[in-house]
Amino acid sequence: MTVGELRPPAAPRRHLLSIADLAREDIERILETARRMTSSLDREMKKMPTLRGRTVVNLFYESSTRTLASFELAAKRLSADTMSLRSSGSSVDKGESLKDTASTLSAYDPDVIVVRHPSIGAAALVARWSAASVVNAGDGKHQHPTQALLDIYAMQEALGRLEGLHVAIVGDVLHSRVARSLVQALDLVGADSTLIGPPTLVSRDLEALGCATSNDIRDLAEADVVYVLRMQQERMSAGEAFIPSLREYTALYGITPDRVRPGQVVMHPGPMNRGVEIDAQVADSEAALVVDQVRAGLVVRMAVLYDVLVATVRERIPAGVA
Amino acid sequence: MTVGELRPPAAPRRHLLSIADLAREDIERILETARRMTSSLDREMKKMPTLRGRTVVNLFYESSTRTLASFELAAKRLSADTMSLRSSGSSVDKGESLKDTASTLSAYDPDVIVVRHPSIGAAALVARWSAASVVNAGDGKHQHPTQALLDIYAMQEALGRLEGLHVAIVGDVLHSRVARSLVQALDLVGADSTLIGPPTLVSRDLEALGCATSNDIRDLAEADVVYVLRMQQERMSAGEAFIPSLREYTALYGITPDRVRPGQVVMHPGPMNRGVEIDAQVADSEAALVVDQVRAGLVVRMAVLYDVLVATVRERIPAGVA
Amino acid sequence: MTVGELRPPAAPRRHLLSIADLAREDIERILETARRMTSSLDREMKKMPTLRGRTVVNLFYESSTRTLASFELAAKRLSADTMSLRSSGSSVDKGESLKDTASTLSAYDPDVIVVRHPSIGAAALVARWSAASVVNAGDGKHQHPTQALLDIYAMQEALGRLEGLHVAIVGDVLHSRVARSLVQALDLVGADSTLIGPPTLVSRDLEALGCATSNDIRDLAEADVVYVLRMQQERMSAGEAFIPSLREYTALYGITPDRVRPGQVVMHPGPMNRGVEIDAQVADSEAALVVDQVRAGLVVRMAVLYDVLVATVRERIPAGVA
């Protein structure tokens, strides 16, 4: 695939920090690029020369094997060089500020910095202090935009449409950047969402995101997609008692075979706690798109890397030429 | 080297899980491929384009720098892309099942997954849950087939033959997957082996593997090859007293210069405990093949990656064409 | 850039272990190569095929994200393959000797081994036990030659000359391999240096390095370059009380805006302790070359890898041909 074969971006974009920064046509362009990436992966020779000579730095302040592996592999499939820095064992541990780390990285003149950080706004700060394109791979409870994009990509592949879909998002919405990003992305492409969970994790004020809320698991029935959030067991320990017990949570909100109706698909961002938020039988059923989501993660991240770098090139073109 | 120059595999093989799965001709084919790899490494340009565009994932649940480095470098020398996941800091630590990790990895459509895991049968499970070729890089006390293959490769290079060789394997056989795989491989190629060590570590019932056993270090004298196992000091701590003390083990079974007769070669899978199971003078002598084994590890792992992928290609060829 | 375009080394050099091993023309040749590398990085396609097929192994016994990342990226920009081994999780932790690790690595026939180790002389030992070119990336309190080279590269780029420059090095000189290497390198290129700090960290006997010493921060005024060393806070804990307190150190020797005169440049090897040895206002000022140093680190390390490998090639050329 060459640059010329792809639709140019509607507007120059250097970063992907939040779904809130995107217009519907941005999402559609990225999904279209991802579809082209998918067809290229069917070939025996999966590697594309598209980003040869480019450098993608992964700056991860939180451990996340899945997301890091997905970005690394996406970059390698496009022939980019990768460098991954994790907080453990890094200058970060020596008390260096995020600003100094961003400045240091910028000195290497990377094309893209992918940032994962426990603080809200970290990726935006790196974008301010660096000349690279920045992709937010999760900042605290705020945003995880590539996860939302891969989720809607997987939905469209499975159901053939996004417009008018109804998605139920079940579980610990309170702490979930995945839920936040996904609700916004669904809204942009014309789909509806309902957040479902216990009152401590799903409160009415979340409706400000542009979705419905419910504390009744039976409201699942109306959905085309059952999106199950990971129950972060570390949140349930001493002091942070958002649910009475995991056992009770599972009884009230766990996704068991009897709660899924025929025709629904079930999604989960992984890693799954089988037997807690999702029953093993559901996880292994035909309805589950979990592996499709992982596969979508690879092509969508390839598409995002392509998208931010094409945008950068366009910005450098003098006005009047483009 | 191109695919056409190499002998095709006798039968389609997608995995390397255990020496027990191999026929003698499989071993000979792999050793022959390894020899070709060796001659290619003598060139200034060591990199071969053989696996360009292929992806090798290393999934390591046990720390092992040597084995991981050897597989990574083998894959890179064949121009494959590599991705290495270690249990520390990965989804594994979040309680994800091996099945889900295997499914997730499979979604990336890797060509090979190299697995190291503390549980017997782990690699076989990954092979069942994944479409990739799986190479077992050690599963509990069970198997470590590439170690056995590199050992017999190094023996053949040093001694010019395998048929009729006599190999004494000395030390902690009880906990050694290396010993288990090696005895089987030696048997397949027509060599004999004797296990030597204290009664707590070498018991008669190990003869079921197809070898002799002895508790007398003097039985070393008959061997062409003295294969010294690593004494895992962690096994000797509180509760697991398989030997009275390291000092006594060394006195009774340590490989000292006076216990090695002229003409014998000495091998060790590394890392060595100098002064415990092997004397420094022996380790540094002309008789020691330790560095040859490491070098053999690189070419044998290149050969194994090549072997499992060629087999995969053949399986995809419709019947009647191949 | 091809080999032919660059000046050949004055004498075959296989290693970079210490600034003390270099002649002035060696330094000038490396800096000149680094300048050519810099201009190549201005292109859209930053990757050069110079070291394609070569392998660079990074053997790091101390955690140092900056230095490791810089070497990894330098090798990748020259198209070399890289393999990085860190002490954590490696055979090192199983008690293997440095000698055995070096022998093992050598079996893989790498072209360069980059070594960082807490013991003085570690890189020299690896050089003795290995056929690879060895680059010292820091050995205890002894040497850190690539840091010194990148520092003088950044000075020359900023100030247009090295000859006759006066450099004040401020802080914990006692524990600093950076200071030791830098003083030697400055001396070689005709620049002067003065070490400044409290008597416990800067004593008269350091003048044996070929520099002046002072315990008075006001002596900064004479310098063209203020080089601020990192205050290693771990040194200041129980038992190692080289300074009364960080607060007092900052009051007496911290580099604040009023201590820097117009025309001076300020350098720091990073990571900075803002508010301890350097004031944030100084760190962010136009006078600070901190980011330039990081950028210099990349091109100087590219130049060093190029330099040691070109030297190796020359050694293999039979006498009478070269």
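Me: What area is buried between chain C and chain B, and what share of it do carbon and sulfur atoms give?
Reply: In this predicted model, about 2,400 Å² is buried between chain C and chain B. Carbon and sulfur atoms give 47% of that area.

Me: How many residues of chain C and of chain B are in contact there?
Reply: Chain C brings 24 residues and chain B brings 26.

Me: Which element gives the most to the side of chain C that touches chain B?
Reply: H3(C), with six residues. Strand E2 (81-86) and helix H3 (98-107) of chain C each supply at least two residues to that side.

Me: Changing topic to chain A. Which domains does the assignment give?
Reply: Domain 1 covers 3-144 + 295-309, and domain 2 covers 145-292. Over C-alpha atoms, the centres of these two domains of chain A are 25 Å apart. The contact takes 35 residues from domain 1 and 30 residues from domain 2.

Me: What area is buried between those two domains of chain A?
Reply: About 2,500 Å², with carbon and sulfur atoms giving 61%.

Me: How many salt bridges and polar pairs cross that interface?
Reply: The rule finds two salt bridges between domain 1 and domain 2 of chain A. It also finds 17 residue pairs in polar contact, both residues at pLDDT 80 or more.

Me: Which elements of domain 1 give two or more residues to the side touching domain 2?
Reply: In chain A, they are helix H1 (24-41), helix H2 (65-77), E3, E4 and helix H9 (290-316).

Me: Which side chain meets Glu62(A) in a salt bridge?
Reply: That of Arg177(A), at 2.9 Å from N to O.

Me: Now helix H4 of chain A. Which of its residues are buried?
Reply: Ala122(A), Ala123(A), Val126(A) and Ala127(A) are buried in H4, which spans residues 122-129.

Me: Why do the buried residues of H4(A) line one face?
Reply: Looking down the axis of H4(A), the buried residues fall within an arc of 145°, so they line one face of the helix.

Me: What covers them?
Reply: The cover over the buried residues of H4(A) includes helix H3 (98-107), strand E3 (112-117) and strand E4 (133-139) of chain A.

Notes. Residues numbered from 1 in each chain as written. Chains lettered and ligands numbered in written order. Predicted model: local features only at pLDDT ≥ 70, side-chain atom pairs only at ≥ 80, totals over all residues. Heavy atoms only, no water. Buried < 20%, exposed > 50% of the residue type's maximum accessible area, 1.4 Å probe, protein only. Helix = DSSP H or I, 4+ residues; strand = E, 2+ residues; numbered from the N terminus. Arc of directions from axis to C-beta. Contact = heavy atoms within 4.5 Å. Domains from an automatic or database assignment. Buried area = accessible area lost by both parts, 1.4 Å probe. Salt bridge = Lys/Arg side-chain N within 4 Å of Asp/Glu carboxyl O. Polar contact = N/O pair within 3.5 Å; in protein donor to acceptor, adjacent residues only side chain to side chain.
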